[in-house]
Amino acid sequence: MTDPQRSLVLVKPDGVRRGLSGEILRRIEGKGYTLAAVELRSATPEILAAHYAEHEGKPFYGPLVEFMLSGPVLAVVIEGERCIEGFRSLAGATDPTVAAPGTIRGDLGRDWGLAVQQNLVHGSDSEESAAREIGIWFPELSA
Ligand code: RTP
Ligand code: MG
């Protein structure tokens, strides 16, 4: 296990559109994690096919990719001891309607009645995912 860890965080297009990038970075830095990379990017179908390969074939896959292409995302690499589970805890549950208050999704997100859950952020869910996702979004950071 590498310690400190790195995790790939995305502020999704809804978060960027609503002007919440700064608030989300503030929560990450407030928790004590370091920003190793921050870049406003337009996702591409190729990047998203790699990033969301595990979800291919699921009913929400098409709408999810379409949503992720609907505007720029803030791609972020964070660093710190146990930051993978730490950021997942900061983000809260996938469904923003029921995500706990105090979390990014719980405080700032809701169901907008759209086909896919617009839940503001993505965070890697394991060391393997983090290494894979950082390689996709920031190949220059991969050893
Ligand atoms: P993420 O990958 O974005 O950090 O979120 P997560 O682990 O909590 O959720 P995951 O199961 O990996 O799903 C990826 C993203 O797909 C959208 N989603 N929509 N039933 C649905 O409508 C549904 N399920 C998932 C969400 O944007 C979710 O974050
Ligand atoms: Mg996930």
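The following legends describe close-up views of a predicted model.

**View 1. The open four-stranded sheet.** Four strands form an open sheet in the order β2-β3-β1-β4, and their pairing is antiparallel. Strands β2 (34-41) and β4 (121-123) lie at the edges; each has a single partner strand, so one side of each is left without a neighbour in the sheet. From one strand to the next, the twist averages 15 degrees.

**View 2. The pairing of β1 with β3.** Strand β1 (residues 5-11) and strand β3 (residues 73-80) run antiparallel and are joined by seven bridges. Within this pairing, L10 has A75 of β3 as its bridge partner. In general, strands of a sheet pair through backbone hydrogen bonds.

**View 3. Helices on the sheet.** Helix α5 (residues 83-91) lies across β1, β3 and β4, and runs at about 30 degrees to β1. Helix α7 (residues 127-137) also packs on the sheet, where it touches β1 and β3. The direction of α7 makes about 60 degrees with that of β1.

**View 4. The surroundings of ligand 1.** Ligand 1 is surrounded by F60, L64, T94, V116, Q117, N119, H122, G123 and D125. By class, this shell comprises three nonpolar, five polar and one charged residues.

**View 5. Residue H122.** H122, a member of the shell around ligand 1, is placed in strand β4. An unreviewed UniProt entry annotates H122 as "active site". H122 counts as buried because it has 22 C-beta neighbours inside 10 Å, the threshold being 20 or more. Apart from neighbours within four places in sequence, H122 is in contact with V9, L10 and K12.

How values were computed:
Residues are numbered from 1 along each chain as its sequence is written. Chains are lettered from A and ligands numbered from 1 in the order in which they are written. This is a predicted model: local features need pLDDT of at least 70, side-chain atom pairs count only at pLDDT 80 or more; totals for chains, interfaces and linings use all residues. Two strands pair if DSSP finds at least two bridges between them. Helices (H or I, at least four residues) and strands (E, at least two) are DSSP runs, numbered from the N terminus. Axes are lines fitted to C-alpha atoms, for helices over the stretch in contact, and angles run from 0 to 180 degrees between N-to-C directions. Two residues are in contact if their C-beta atoms, placed from the backbone, lie within 7 Å. A residue is near a molecule or strand if its C-beta atom, placed from the backbone, lies within 6 Å of it. Ala, Val, Leu, Ile, Met, Phe, Trp, Tyr, Cys and Pro count as nonpolar, Asp, Glu, Lys and Arg as charged, and the others, Gly among them, as polar. UniProt positions are given in the numbering used here, feature names are shortened, and annotations may be inferred rather than shown by experiment. A residue is buried if 20 or more other C-beta atoms lie within 10 Å of its own, exposed if 12 or fewer, and partly exposed in between; C-beta atoms are placed from the backbone.
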